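Me: Please take me through this model, starting with what passes between the chains. Give the cut-offs as you go.

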Amino acid sequence: MIDAVKAAVVLFVAVVVQASILGGYSPLGGPADLLLVVVLSLALLRGAVFGAVAGFGAGLLLDVANLSTLGFTSLLLTIAGFWIGRYGETTARDRFHAPYVSVLVVTVLYAFCALALRFVLGERVPAHAVLTGLPAGVLWNLILTWPIYGVIRRLFPPVDAFDRTYDVRLLA
Amino acid sequence: MPRNRTARVAVLGSPVQRSATSGSSSARSSAFRRRVVVGFLIVASLVLLTVSFRSNALDGIEGAGVSVLRPFEIAANRVAAPFRDATTWTRGLFRAKSQNRVLTRKVEELNREVAGYKAARAANAYLERLLQYERAPSFPQDANRYNQVAAQVLTSPTVFDQTITIAAGSNRSIAVQDVVITADGLVGQVTKVEGDVSRVMLITDPDSAVRAVDEREQSAIGILEPGSPGDTLSLTSVGKDKTVETGDTIVTAGSPGGGKLPSIFPANIPIGAVTFVGQNETDIYKEIQVQPFVDLSSLHSVLVLVPKATKPAKK
């Protein structure tokens, strides 16, 4: 419960900062996505369900803040949070490279999925702008990962003992 | 293997207070719960996406939500303002030196031109009076036709979404299709209005089209549309016989007199400068690229031109 409250506050701050400050800046041609990094960090540390719920809530809030199509960002962030949550639960939560690999891969996939979803919705697909800005976006997100993951890890210390035990099978 | 082994052995030293059977069942229920939650969230997202995309049913909720978020966005903007200003100032400083030389030369040229224009303008005004010539609204010449509502910009455009949210809505009599400008030039038009916020479609949005004209060559009228790359514009439908040059200023053309579908943009609002002019044998029109005067990616505040004449509220 405390985790949920803390996560709600962290995500709310991230949405406000993303919508009103970072959203419009594209230094070196690509924007930083603070919200994505926060959602992935939470998902890595708290698992798939927590990550998916965090992604859904944060995405919905961002769509509301931008007065854009509701459900667009929440769909993408739900899937991202769930996937990275599973990655954390099953493979690599304690490894140093886990948050960086997660952010790298998801930033790229997020961009392509956003383009695909826009295409499906019949909206403009600015593929050239997205692809040329992608390397810078990945760079900024990786730079953000170090402090953001550090802060999130302090706020949400790992609780491995509970969610790893069910992976053990006793052989008869 | 002894039959009476404990779970302690299996988990390499960490004690687990449950049997193998219950552990497996717990894993299954956990996986089931996980799938149910994620499935529900994805379905909820898709439902929201569909409803939001196909109708305006969620607009009220969205408007209420954005009103709640507004104070926080304003606070974040205030906190970020000094850093943003410092960045802009530093960038401007580097640019200013090189621009200074160019501008000094240009000022000398323009001073010479202005002397000629003053005489032409006086003659033009006299002739217009003589002919009782009716003009379409223009700005700022017809500034008294509009109430100018200054509003802070709450959200910035992204590569996907060339719109901004501003901190003024129907509470300030803003309506859909009101024109939005800054001191530098045209920004866009209002596309959605809530109680105390509005959404503005920028001129770089793919759905935007502005009737525009070359200020120097008044017969070069075309439609200004978003170009590629995303922060530039493209002036289309300008015939090859028109003389458009790099550096020319493009302004809104307003409406041709007596049109049934008048342009929502008053005439003479600066839009941008021509950066490229080209033509080839297969195209029937010139290819003209325009760089907007307004830096649309870092808007702090804008001015909404609200026509004084009463008009039906659109939303």
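Me: How many residue pairs are in polar contact between chain A and chain B?

Reply: This is a predicted model, where local features need pLDDT of at least 70, side-chain atom pairs count only at pLDDT 80 or more, and totals for chains, interfaces and linings use all residues; side-chain values use heavy atoms, without hydrogens or water. Residues are numbered from 1 along each chain as its sequence is written, while chains are lettered from A and ligands numbered from 1 in the order in which they are written. A polar contact is a pair of N or O atoms within 3.5 Å; within protein, one must be able to donate a hydrogen and the other to accept it, and residues adjacent in sequence count only if both atoms are side-chain atoms. With both residues at pLDDT 80 or more, the count of pairs between chain A and chain B is 4.

Me: Which element gives the largest share of the side of chain A that touches chain B?

Reply: Helices (H or I, at least four residues) and strands (E, at least two) are DSSP runs, numbered from the N terminus. H1, H3, H4, H5 and H6 of chain A each give two or more residues to this side. The largest share, 10 residues, comes from H3(A).

Me: How much area do chain A and chain B bury between them?

Reply: The contact (heavy atoms within 4.5 Å) takes 50 residues from chain A and 48 residues from chain B. Buried area is the accessible area (1.4 Å probe) that two parts lose on being put together, summed over both. Carbon and sulfur atoms carry 71% of the buried area between chain A and chain B, which comes to about 4500 Å².

Me: Which residue of chain B forms a salt bridge with A:Glu89?

Reply: A:Glu89 lies in helix H4 of chain A and its partner in helix H2 of chain B, so the pair joins two chains. Both partners are buried, meaning under 20% relative accessible area, with exposed over 50% and partly exposed in between (1.4 Å probe, protein chains only). The closest N and O atoms are 3.8 Å apart, and the partner is B:Arg34.

Me: How many residues apart in sequence are the parts that B:Glu62 and B:Lys192 tie together?

Reply: The side chains of B:Glu62 and B:Lys192 meet in a salt bridge, 3.4 Å from N to O. Both residues are buried. B:Glu62 lies in helix H3 of chain B and B:Lys192 in strand E4 (residues 186-193), so the residues separating the joined parts number 130.

Me: Is B:Asp241 buried or exposed?

Reply: B:Asp241 forms a salt bridge with B:Lys242 (3.5 Å, N to O). B:Lys242 is partly exposed, at 23% relative accessible area. B:Asp241 has 61% relative accessibility and therefore counts as exposed.

Note on methods:
Salt bridge = Lys/Arg side-chain N within 4 Å of Asp/Glu carboxyl O.
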